[in-house]
Every structure is written in structure tokens, then in C-alpha cells.
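Please keep the model open beside this report and turn to each residue as it comes up. The text moves from charged pairs to strands, and then to a helix and the packing around it.

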Amino acid sequence: MKKWTRICAAGILAFVLSACGQTAVPKENPITGEKEEVVVKSELTAGEVMKKANAAAETQQSMHSDMEILQTLEMGDEKQEITSTIDMDMILEPLAMRQTMNMQVGGEEMAIEQYMTEEGFFMKDPQSGRWVKLPNDMYKEVTGQMAGVTESPVDFSMYKEYAKDFIFEETHDEYVLTLEGSGEKFSELMKEMLGKNMPLGTDEAMPVEADMKVEKINLQFSIDKKTFFTKDFDMDMIMTMDEQGQKIKVTQNVTGTMTKINEVDEIKIPKEIIDNAQKMDSRTNQQ
């Protein structure tokens, strides 16, 4: 079950927007059906907005993000529900991160806290409550994996063939792109995204070549009109996989917001954590 949870997490990081040729229409309220008033209508096309957003992403060096993930994994008679919240600060160069993740799985709760800077990779053991400093080789490996994922968080070039499937809207201060789809075309998109965004060393655990079918996918992204940074996203997805005759169904809802873009100047590990963390070498099995 663990590897399917990682597949879902990879999908969260991998999904980005596509471009199309029309200009935006005022966003419609999904409840009332009323169009939102736009004081100054943009003349940019979706493709132009994506190009600007891609350029803006290249300037993004830090951010804060909050995510909520609701997942249901079904294999045969087994069914597992996972609820996760993630609170994270990240700086890309040099790569540094502070993350708190709370998970609820099968009625059990678990909190995972992490710091990663050039001083090392520190993790709080969710069972003992003690801080552990991971070995340097593991720090380098994790840093490389994270760098691989964060290199292209908004790689629009990969999604050109899906351009016509996006709805392009605008509000007074945001561009909104929405995708609703299903079927083989979107299954191939998911495979490609997983293939490009899987961390190194997880190939065997990630059945990218499995018989994968996207039964439903709804995506919505908001882009700031002034900065062209992606502000938030909402994703609903139902996906099935068949690996070695075993069918797995994944139902997932993910919401996320990105704030403080280029405003996180430093991630500092508290001195008490550095001083008291138990050092773990490569041969140590942490219980």
C-alpha cells in the first residue's frame, strides 16, 4: 500500500498547466452561475499566460506551501483512507526545507517533522518523539531526489497537446485554468508525468508501465495576474492500475496554496535539535 501512496504524492507535484489559444472569459461562479465582474479584461491568450508563468517560475527561489490530501486506495477487498496535511517552507538554492506532515491512516495519526539544510537532514521520529540526524550519504541522496522533482515544477512544454482541453477564465486579479478529462489520452499524460518526476532509485517501486487508466481528472489552477506565479491548485482524480493481475483504484483530492514566493530568506534548524539529535549512520536501523 505504501508505494501507491507515493504514486499519489508524485502526481501532486507533477501536475501543471497547459496552454491554449483563446483569451480568458470571466470566471463563472459554480453555485450561482453568475459571471465574475472583471474591471480590466486581459487580452492575453492562455498560451501567452503560460509562457509568462513559465518564465516567472524560473525566478522562483523560495516559497511557503500548504496542502491537504484526501486519498482512498482500494485493492481487492482492502480499502484504506489516508488524510494528510503538509506545511512546508522551501528554498531552492542552496536546497533547504522545513516540513511538517500530519497523516491519518486507518484511524491512526502520525506527525512527521523534517529539516533539511546544508547542516544536514534532521527528522523527528513519530514514535519516540526524538530527533534523528540522518547520515550524510542519505542527505545527499534525498537532496538529489528533491532537486530532480523541483527542477521543473511548471514545465508547460510537456502539455501542449492537451491545450484545447483547458478552460481559460479570469477574475479581477487571477487567471484560472481548468481541465476536466478522462480516458486513454490522460492516462498517457499521467504515465509521462510519473516517469519524469519519479525520484531516482524508485523505479522498481513505481509501476509507471503498469496498465493505468484515468477514469476522471479535474484540475484547476490560479495564476496571479501581476506576478504570473501559480497561487493555488485543486485536483480531483480517480485512477485505476492493473499490475501483475492486481487492480488498484486510487481516488484522490488535493488542494494546495503557494505563498511567500521569494520571501523565505532562511530556513534555520533550531539549536536544540542540532545539539540533541541522535546521529544515525548507514548501518543503523532506526526503530
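Lys231 is partly exposed, with a relative accessible area of 25%; buried stands for under 20% relative accessible area, exposed for over 50%, and partly exposed for values in between, using a 1.4 Å probe and protein chains only. The model is a predicted one, in which local features need pLDDT of at least 70 and side-chain atom pairs count only at pLDDT 80 or more, while totals for chains, interfaces and linings use all residues. Residues are numbered from 1 along each chain as its sequence is written, and side-chain values use heavy atoms, leaving out hydrogens and water.

**Charged pairs**

What is the partner of Lys231 in a salt bridge? The partner is Glu174, and the closest N and O atoms are 2.9 Å apart. Glu174 belongs to strand E9 (residues 174-183) and Lys231 to strand E11 (residues 230-243), so the bridge ties together parts that are 57 residues apart in sequence. A salt bridge here is a side-chain nitrogen of Lys or Arg within 4 Å of a carboxyl oxygen of Asp or Glu. Helices (H or I, at least four residues) and strands (E, at least two) are DSSP runs, numbered from the N terminus.

The structure holds six salt bridges. Another of them joins Asp87 to Arg98, with the closest N and O atoms 2.4 Å apart. Since Asp87 sits in strand E3 (residues 78-91) and Arg98 in strand E4 (residues 96-105), this pair ties together parts that are eleven residues apart in sequence. Asp89 comes into the picture too, as Asp87, Asp89 and Arg98 are linked in a network of salt bridges.

Glu113 and Lys124 also meet through their side chains in a salt bridge, at 3.5 Å from N to O. Here Glu113 comes from strand E5 (residues 108-117) and Lys124 from strand E6 (residues 120-124), distant parts of the chain that are eleven residues apart.

| Residue | Class | Relative accessible area |
|---|---|---|
| Asp87 | partly exposed | 29% |
| Arg98 | buried | 17% |
| Glu113 | partly exposed | 27% |
| Lys124 | partly exposed | 26% |
| Glu174 | buried | 15% |
| Lys231 | partly exposed | 25% |

**Strands side by side**

E4 and E5 run antiparallel and are joined by nine bridges, where two strands count as a pair if DSSP finds at least two bridges between them. In this pairing, Gln104 stands opposite Glu109 in E5. The hairpin of E4 and E5 has two residues between the strands, and Gly106 takes a positive phi near 55° there. E5 and E6 are also paired in the antiparallel sense, over five bridges. Tyr115 stands opposite Phe122 in E6, and the hairpin of E5 and E6 has two residues between the strands.

**Around Ser222**

Is Ser222 buried or exposed? Ser222 counts as buried, at 6% relative accessibility, and is found in strand E10 (residues 211-224). Leaving aside neighbours within four places in sequence, its contacts (heavy atoms within 4.5 Å) are Glu174, Tyr175, Val176, Phe229, Thr230, Lys231 and Asp232.

**Helix H2 and the cores**

Helix H2 (residues 46-58) has 13 residues and reaches 19 Å from its first C-alpha to its last, close to the expected 18 Å; that expected span is 1.5 Å times one less than the number of residues. Its buried residues are Ala46, Val49, Met50, Ala53, Ala56 and Ala57. Seen down the axis of H2, these fall within an arc of 120°, so they line one face of the helix; the arc is that of the directions from the helix axis to the C-beta atoms. An α-helix has 3.6 residues a turn, so residues three or four places apart point the same way. On the other side of H2, Lys51 and Glu58 are exposed. The cover over the buried residues of H2 includes strand E8 (166-170), E9 and E10.

Val49 turns up again in the largest nonpolar core, which has 38 residues; Val49, Leu177 and Ile223 touch the most other members. A second, separate core has ten residues, including Ile91, Ala96, Val264 and Ile269. Such a core is a set of buried Ala, Val, Leu, Ile, Met, Phe, Trp, Tyr and Cys residues joined through side-chain atoms within 4.5 Å.

**The chain as a whole**

The protein chain contains five helices and 13 strands. Of its 287 residues, 46% count as buried. Among contacts with a separation of 6 or more, 63% are between residues 24 or more positions apart.
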